[in-house]
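User: I am new to this structure and would like to learn how to read its features. Can we go through them in turn?

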Amino acid sequence: MSTGVYFALLFVGAALVNNILLTRFIGLCPFFGVSNNFQTSVGMSLAVAFVMTMATAATWFFWNFVLVPLGVGEFLYIPAFILVIASLVQFVEMFLRKYVPGLYRSMGIYLPLITTNCAVLATATEAVNPGFFKINLPYAFGFGEAIVYTLGVSAGFALALLTFSALRERLELAPVPRSFKGNPIAFITAGLLSLGYIGMAGWFGL
Amino acid sequence: MSEWVATLRNGLMLENPLMRLMIGLCATLAVSTQVESSLFLGLAVIFVLFASNLIISSFRNVIPDQVRIPIFIVVIASFVTVVDLTMKAYVPAVYAVLGIWIPLIVVNCVILGRAEAFAYRNRVGLSIADALGMGLGFLIVIVGLAFFRELLGTGSLVWMGEPVVSLPESYPAPAILVLFPGGFLVFGFLMAGFNALDLRREKRKEAGR
């Protein structure tokens, strides 16, 4: 398999076949929290893609050049990663507020919230330790693979979040039984949407 | 004492983290395919919640406001590491099923949310009540969800490798319930059931007035 094909498969596998929201349930809080409004969903998707890529890059270096040489990766990775991610988010926030205020305003409150979004920690952990997940890769990702993988995950996140929020806006006007109003029907909609993604399981042997 | 009980009940019923506050959903939907692993996740969450609420509320007067979130996260992450290594050592079979969801307890909104909203503002006794209430509320919902999904989706309940309850052979178990869409569907229906009970209670209250 040529390198280009391999990277393309990695991307598709992360974005569609193993969609982080709808087939693995990671990062559901923003999925239900902000999907009421299409506009905020766009902001959230952008912020997640941005933070996730930077976080994976930072934790990849931290894992390979600090934790592994010191031999403490096994039991220190949880606090180490979450601290790296939290301080990175803080730093990005300060940088954007000072130099790119337009972008900062459009991302708004989503930036700090992303610290506790499990999708970011999960992707960072997965990039250094793929054995955790169902995708069978016997070795740790190189830097390029980690970045492509993260871009795929965030594309999948954006796709699922945007379709779902568009569906939910239509749902507001639909006649729904009283006890199903609001969140219950949103969950059932998400279930049907997830059914569609299940159809892609096993594509390309991913 | 009554305040203590009220706080405990608050987590169990009125502000149930999953049904009412809608936080901590990711782990719930992903893990609730088996009663056994759900029970272990619930216990892990109760332990971490209890320990972090205890520590954070005892130190609430010395934690500076500006850096409280990183401090909370470090406290939580340490206890999660304890759970992570303990489960890996003593219940490897369950650990293999739970996998990434144990480290992800760090970012489980229930725990950070309670640290921020409750333990940081209340005395130690009440924070413990809150941790137990919220933790039990989480445990009950996740085990309930897993009960329906496992029983109806596979036709039997398995405990430590042995089937405990089995439905008759003629029952065609729809495997979709234990797959991903089933998590959303069953949770949606459970929630609608909760809402229906609420609506009925309100109606009765109005009729009685």
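User: At what angle do helix H3 and helix H7 of chain B pack, and how far apart are their axes?

Analyst: Two packed helices are described by the angle between their axes and by the distance between those axes. In this predicted model, helix H3 (residues 35-58) and helix H7 (residues 124-154) of chain B pack at about 165°, and their axes are 8 Å apart. An angle over 145 degrees counts as roughly antiparallel, so H3(B) and H7(B) are roughly antiparallel to each other. The crossing of H3(B) past H7(B) is right-handed.

User: What kinds of residues make up the contact of H3(B) with H7(B)?

Analyst: That contact has 20 nonpolar, 7 polar and 2 charged residues.

User: How many residues does each chain give to the contact between chain A and chain B?

Analyst: Chain B gives 36 residues and chain A gives 37. On the chain B side, helices H2 (25-31), H4 (68-90), H6 (109-119) and H8 (180-208) each supply at least two residues. The largest share, 12 residues, comes from H8(B). By type, the side of chain B that touches chain A divides into 29 nonpolar, 6 polar and 1 charged.

User: What is the secondary structure of chain A?

Analyst: Chain A has 9 helices and 0 strands; along the sequence the pattern reads α-α-α-α-α-α-α-α-α.

User: What share of chain A counts as buried?

Analyst: Of its 206 residues, 38% count as buried. As for contacts in chain A with a separation of 6 or more, 76% are between residues 24 or more positions apart.

Technical notes
Residues are numbered from 1 along each chain as its sequence is written. Chains are lettered from A and ligands numbered from 1 in the order in which they are written. This is a predicted model: local features need pLDDT of at least 70, side-chain atom pairs count only at pLDDT 80 or more; totals for chains, interfaces and linings use all residues. Axes are lines fitted to C-alpha atoms, for helices over the stretch in contact, and angles run from 0 to 180 degrees between N-to-C directions. Helices (H or I, at least four residues) and strands (E, at least two) are DSSP runs, numbered from the N terminus. Angles under 35 degrees count as roughly parallel, over 145 as roughly antiparallel, 65 to 115 as roughly perpendicular and the rest as oblique. A crossing is left-handed if the near helix is turned anticlockwise from the far one by less than a right angle, and right-handed if clockwise. Ala, Val, Leu, Ile, Met, Phe, Trp, Tyr, Cys and Pro count as nonpolar, Asp, Glu, Lys and Arg as charged, and the others, Gly among them, as polar. A residue is buried if 20 or more other C-beta atoms lie within 10 Å of its own, exposed if 12 or fewer, and partly exposed in between; C-beta atoms are placed from the backbone. Two residues are in contact if their C-beta atoms, placed from the backbone, lie within 7 Å.
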